Amino acid sequence: MFTCVNCGSQVQELFKKYSPTVLKLMHCDKCHTLADKYIEYDPVIVMIDLVLLNEQAYRHILYNSPFKSHWRLAIVLILFEAYSGWAQQKIIDPSNVSHDLFDGEGNFYFMCFQAVVGTAVMFTFIYFLTWLRWILHPQTKPKNYRNIILWKALVLSNCGKFLMIPSLIWGEIGTEMHSFFIIAYTFLSQLKTYAVVCNTTKLGAGLNIFFGLVLKFYVTNTISKIR
Ligand SMILES: [Zn+2]
């Protein structure tokens with residue numbers, strides 16, 4: 001089964017192939033629009049719509065495309081989060097950074113550990129809240145909900161962190177305003193993807209994500225103090 005990118009209902013097929021060059025896109029029985037217009041689109045346009053936080057593009061990637069590289073993306077995001085935290089530490093307080101090469105390397109591994117634990121705690125907490133919701137209100141659970149889809153959605157929604165790249169390259173961009181923009185954009189992206197996968201209101205999705213982020217912040221802060 002596939003998913004209509006407009007209304008989120010399940011559809012049997014997305015297109016019919018009459019010949020190697022003739023393809024007919026199918027309509028959704030519920031909303032009567034094209035079930036997945038992105039099948040004919042160039043991947044670049046899908047990427048642009050993802051950056052613009054378009055719900056239809058999220059549904060296309062999560063339900064109607066293989067998106068097998070989610071594990072690799074998760075690892076890259078963890079390494080990137082650790083590296084940006086490590087690099088920012090150097091910019092904010094250069095006097096506190098050891099010039100010993102191996103000590104600096106140790107700091108990076110510690111940042112990796114912090115990012116892995118923080119992200120694991122956040123994801124587990126969001127899964128727990130979602131599971132609790134399905135227990136309390138089973139009628140609201142979408143038919144196409146799968147735990148792996150929620151995992152893919154959470155990984156995909158963290159891509160906003162790559163906006164830190166200009167800041168890391170040109171240092172000066174790493175202002176408070178820039179950091180606030182990245183946090184706000186990533187939060188909006190997480191909120192949108194969670195609402196798409198769990199079919200919740202933006203408020204419900206926002207609260208789940210917000211508490212997950214607060215818990216992650218608390219855990220990473222505690223780990224850095226213990227060290
Ligand atoms: Zn539809």
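Along the chain, the donors of the zinc ion follow the spacing C-x2-C-x20-C-x2-C. Donors here are N, O and S atoms within 2.8 Å of the metal (3.2 Å for Na, K and Ca), and water is not among the atoms, so sites may look incomplete. The model is predicted: local features need pLDDT of at least 70, side-chain atom pairs count only at pLDDT 80 or more, and totals for chains, interfaces and linings use all residues. Residues are numbered from 1 along each chain as its sequence is written, and side-chain values use heavy atoms, without hydrogens or water.

The protein donors are the SG atoms of Cys4, Cys7, Cys28 and Cys31, 2.2 to 2.3 Å from the zinc ion. The 4 donor atoms subtend angles of 106 to 120°, so the arrangement is tetrahedral (four donors, all angles between 85 and 135 degrees). Cys4 sits in the loop between β1 (2–3) and β2 (10–11), and Cys31 in the loop between β4 (22–25) and α1 (43–51), so the pair ties together parts 27 residues apart in sequence. Helices (H or I, at least four residues) and strands (E, at least two) are DSSP runs, numbered from the N terminus. Cys4 is buried, at 0% relative accessible area. Cys31 is partly exposed, at 27%. Buried means under 20%, exposed over 50%, partly exposed in between (1.4 Å probe, protein chains only).

Now the domains. An automatic or database assignment gives domain 1 (2–63) and domain 2 (70–226). Their centres, taken over C-alpha atoms, are 28 Å apart.

How values were computed: Tetrahedral: all angles 85-135°; square planar, octahedral: opposite > 155°, others 65-115°.
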